[in-house]
Amino acid sequence: MAEWLNAAVLKTVRPARVSWVRILLPPPFPPYPFMENLHEHFMREAIKEAIKAFDKGEVPVGAVIVHDKKIIARAHNQTELLKDPTAHAEMLAITQATSVLENARLEKTTMYVTMEPCAMCAGALVLARCPELYFGAWDPKAGACGTLFNIVHDDRLNHRIKTHGGLMERDSKTLLQEFFKNLRKEKR
Ligand SMILES: [Zn+2]
């Protein structure tokens, strides 16, 4: 490929502000998927969603919902685009999954989300009777799965969620830290 064309192509596919984050993060498709832990595979899919949010200037959080080892819903945070404080990745994914399963209950599903769900999303997961949750980064400011609140394990509610925090935490945390660092730079 001619050098100028190569440079032009690179310019269009790699916006400068995301390039190094992409280098730090794992490749979107693992070279040997059979060697990879299944939970890490699904979390990587959630991270891909979070990168989409990052590229759109949204707080980078992504989520997927798995049923029968298949992804039935995938979403990223869209609160800015939709001007809707409830448009968190988890909420959008729950709505998609209930529509796919044609059931308000997400029985036999697992949610993978890149950041610890907030009170709203943890509450929605309890209402949906989601049995299992994996999340990446802990959220000291709003986390409701063990950090600020523990809605997913509250005995007073009628459903509890088997929760695993910190899966591939570093990847999700790097993305969030980079996002807020850029935001602070832009505000200066
Ligand atoms: Zn939330």
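Biologist: What should I keep in mind about the model and its numbering?

Modeller: This is a predicted model, in which local features need pLDDT of at least 70 and side-chain atom pairs count only at pLDDT 80 or more, while totals for chains, interfaces and linings use all residues. Residues are numbered from 1 along each chain as its sequence is written.

Biologist: What makes strand β3 largely enclosed by the rest of the structure?

Modeller: A residue is buried if 20 or more other C-beta atoms, placed from the backbone, lie within 10 Å of its own, exposed if 12 or fewer, and partly exposed in between. Seven of the seven residues of β3 (residues 109-115) are buried, so the strand is largely enclosed.

Biologist: How do you know that β3 pairs with β1?

Modeller: Strands are DSSP runs of E with at least two residues, helices are runs of H or I with at least four, and both are numbered from the N terminus. Two strands pair if DSSP finds at least two bridges between them; β1 (residues 62-67) and β3 have five, in the antiparallel sense, and Val66 has Thr110 of β3 as its bridge partner. Five bridges also join β3 to β4 (residues 132-137), and these two run parallel.

Biologist: Why are β2 and β5 said to stand at the edges?

Modeller: The open sheet has the order β2-β1-β3-β4-β5 with mixed pairing. Both β2 (70-76) and β5 (162-165) have a single partner strand, so one side of each is left without a neighbour in the sheet.
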